[in-house]
Amino acid sequence: MKFDTPAGANPIDRTAVVGRPHDRIDGPLKTTGTAPYAYEHHAEVRNPACGYILGSAIGKGRIGAMDLAEAKTAPGVLAIVTAQDAGKLGKGKFNTAKLLGGPDIDHYHQAIAVVVAETFEQARAAAALIRVDYIRAKGRFDLAEELKTAPLTGNSNGGAPPKEARVGDFEQAFAAAPVTLDATYTTPDQSHMMMEPFASLAAWHGDELTVWTSNQMIDWGRTDLAITLGIPKEKIRFLSPYVGGGFGGKLFLRADAVMAALGARAAKRPVKVAMPRPLMANNSTHRPATVQRIRIGATREGTITAIAHESGSGDLPGGRPETAVNQSKLLYAGANRLTAMRLAVLDLPEGNAMRAPGEAPGMMALEIAIDEMAERLGMDPIAFRVKNDTQVDPEKPERPFSERNLVRCLREGADRFGWARRDPRPGQVRDGRWLIGMGMAAAFRNSSLVPSGARVRLGRDGILVVETDMTDIGTGSYTIIGQTAAEMLGLPLNKVQVRLADSRFPVSAGSGGQFGAASSTSGVYAACLKLREAVAQRLGFNTTDAVFEGGTVKSGNRSADLADATRAGDLTGEDKVEPGDLEKKYQISTFGAHFVEVGVDAYTGVMRVRRMLAVCDAGRILNPKTARSQVIGAMTMGVGGALMEELAVDKRFGFFVNHDLASYEVPVHLDIPHQEVLFLDGTDDKASPMKAKGVGELGLCGVGAAVANAVYNATGVRVRDYPVTLEKHLDRLPGAA
Amino acid sequence: MADLPELDISRRGMLGGGTATVVIAASPVAAAQDKEPMQADPPAPIPLSFEVNGEKRDLTLDSRTTLLDALREHLHLTGTKKGCDHGQCGACTVLVDGVRINSCLTLAVMHQGDRITTIEGLGTPDRLHPMQAAFVQHDGYQCGYCTPGQICSAVAVLDEIGRGVPSYVAADLTERPRMTDIEMRERMSGNICRCGAYSNIAEAMAQVAGERA
């Protein structure tokens, strides 16, 4: 179905199943360790060999020679594949750097060999026996240095020309404004660090390849694996029934899948490969660091008259920018505007999408700037945001937001959190040795509907089976897809069986960009409409007025059991949702407000988050339990981004130094207090047939700034370089002397 | 590569400014072997028996095999997860003689005669352990990969508090610890959940602790 007019009244509105806080249907499997992840398909493949990836030990240069002799004769070794003997390999359209390096090396820990042996221990030991003669070249590893000469760039999908985006005359308005801010913020490189490492099990049957892997996007991964191996896509079956976290890191084909496929071909038996944790940060992708300059000019009454956001980031040749200015085009009003991005070439590992690419680091900067500006104006930061709210796209005022309840989020959050108790003067509130501060930030992230297909089959056993290549990366896809199908056919959730993430199923949205939930359930909705037609037809009912409820179908004064329809055999429906041009006519976004209270130890500078609240406006919430989990998880990642996460760059040799879970610090239990989430009631009929939008990234956008603003309110020391670590304010803390 | 023409020169000693030749062996062990490579004899497999989830298991294993890989690769008990293999994440947490450990940091051969409980031994999808049921009820997980380790740790943490084992957040080491939020959060901090389900895990644990109290 083409979604080109706003959704009218439809069966989902009944919300007998959708919109309810159902426990996850995959919960009993996940909590008992019986859900099979990529490396664990012992039932399907007996006795696979193990592959071990060797990563490049230089950041830039080439391999002069590789001596494999010792490794090849090591116990248990079945095969070693390097670029020299892998045959001609293509490069996936979503990959910037090639996944098997050599002789040229593009980045540190780029895979240069896979050693296949009978056991993991043997493969690991043999990999350590490979002797590599590297010729190191000079690389570009210093973002600040390279940004001095970096050119303007367009948006990340290459659609926009590389230029500044301007409305009115920013420079003149900024110069004329009585109150101004001109500040520069930096965000560091960040690593996804999902709990399940990249892992794949590959098995060839003749020229056909089956890959169990851990990937957010089945069709992208399958397509890029076909391109990389130079074989027809139809020869590959690609499956990811359970994905142990992705956060954007598993959007694309990665080295594990390619190495498993190459290793299996060379060893002539199935091979599984899991990437060792210490390889992940440099071998795969990361969120690129940014340098962001923000200028805001306002009247004394707090009306923004000029706003500029310029961001610079770096990536490998052919790579893309971190689009940190996205939200600044849309979040606040202002007649004179400027946004621009610069992209430097760096020889560090590949930069790419991490949860809320663009807005996550962009909001970290913008929402500190708004806090600073409110303080200069002597305004409450909520009142300043309310005053500059806009109901239309500020760059194209003829284009309204489909729904925008930012002000409600701010006000309801303020009430709930007790914002009125905050002392706007920083460094005033003490609780023993703790300096106490409250901070807040707006949340903002666009929402989009992307094509997504599904197939549903109502069996004679009364079970409704849903098949789609959609993935569940912890987001709750299994459950909300089941709820959608149950609602559409008037069945209880336990009569629905959901099968996901197999390339034999219809191509779906996949999990990314917070488009997964609304798009994939809309695809299921479309398929269910087809099935309802088939049911009505078989029962001789009029499709348009048939009501599916409680296992029965009613039309006018006629009624029949749903089971009657399948007596003569199973019925199926297949369709996909495709977006129309509603996203051109309307700006479709999600909104929220984050509130944070912190304590800062007056003597050590240690920061502790004491309370967190998020209020979200994201259309219909399909399952409040799983949606809430998406938001608290994002808030947790936001605390990480605010206070601890940073890939440290070795600018001499060009690599991320802290490439494991001991040294790349992420939040742990003790770092995270009880978290509260409120969802505004509401639907967005222009967003999707489900009237739903995404929340998984919204929850991350702004929370880092809310933490940083709370720290400032506690200490009076403004830190503009993330993460806000204690050495950045320790020497200026009040009252410690 | 156009800006680095010197890379076309491959012979050592001929390289110009901006490049250097480095020979890096893949491991310090290999680097130390400067002449004839020594081929060590393959380690002899070692027979071993222990009890897993109440069942006696006999294995013959490479001495380098961790307890984690013995469970996952040899017994196909894949509920115990490998997140980092370096004792940094807690996904591999199992109970050995009732005490939680990171099974990636211990070799299987060190556990002759031990009694090991994995997530599969706590409960099954049809008969969930109370902690497993509480995780489902409170949505104390998302992707599910750290979950078995979280649940094994949670079960052990309640036991540790019950036995009076002190912790970093104990204000007074002479007093028995109580089942407080801060005690549980501190003790669970070796189990990373990147999806960020901590707040829900805390609620699940509080419920089970309350039922026990």
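What follows is a conversation about terms and the values behind them.

Modeller: Gladly, and a word on the ground rules. This is a predicted model, in which local features need pLDDT of at least 70, side-chain atom pairs count only at pLDDT 80 or more, and totals for chains, interfaces and linings use all residues. Residues are numbered from 1 along each chain as its sequence is written, chains are lettered from A and ligands numbered from 1 in the order in which they are written, and side-chain values use heavy atoms, with hydrogens and water left out.

Biologist: What makes a stretch of chain A a helix or a strand, and how many are there?

Modeller: Both are DSSP runs, numbered from the N terminus: helices are H or I with at least four residues, strands are E with at least two. Chain A has 17 helices and 33 strands, while chain B has seven helices and six strands. The pattern of chain B along its sequence is β-α-β-β-α-β-β-β-α-α-α-α-α.

Biologist: How do you know whether chain A agrees with a compact globule?

Modeller: We use the radius of gyration, taken over C-alpha atoms, and a globule rule of 2.2 Å times the number of residues to the power 0.38. For 737 residues a compact globule would come out near 27 Å, and chain A has 27 Å, so the two agree. The C-alpha trace of chain A spans about 80 × 75 × 50 Å along its principal axes.

Biologist: Why is V243(A) called buried?

Modeller: Buried means under 20% relative accessible area, exposed means over 50%, and partly exposed is in between (1.4 Å probe, protein chains only). V243(A) has 0% relative accessibility, so it counts as buried. It sits in the loop between β13 (236-239) and α7 (255-267) of chain A.

Biologist: What is V243(A) in contact with, leaving aside its neighbours within four places in sequence?

Modeller: Contact means heavy atoms within 4.5 Å. For V243(A) the partners include Y37(A), E196(A), D472(A) and, from the other chain, C143(B).

Biologist: What makes helix α2 (residues 67-74) of chain B largely enclosed?

Modeller: Seven of its eight residues are buried, so the rest of the structure largely encloses it. Among the buried ones are L67(B), D69(B) and R72(B). Just after α2(B), H76(B) has a positive phi of about 55°.

Biologist: How do you know that the reach of helix α9 (residues 359-377) of chain A is close to the expected one?

Modeller: The expected span is 1.5 Å times one less than the number of residues. With 19 residues, α9(A) is expected to reach 27 Å, and its first and last C-alpha atoms are 25 Å apart, which is close. This helix is mostly covered, with 17 of its 19 residues buried. G378(A) follows α9(A) and has a positive phi near 70°.

Biologist: Which peptide bonds are cis?

Modeller: One runs from G102(A) to P103(A), with omega near -5°. Another runs from Y722(A) to P723(A), with omega near -10°. P103(A) is in the loop between β4 (77-82) and β5 (104-105) of chain A, and P723(A) is in the segment after α17 (703-715).

Biologist: And what share of each chain is buried?

Modeller: In chain A, 66% of the 737 residues count as buried. In chain B, buried residues make up 51% of 213.
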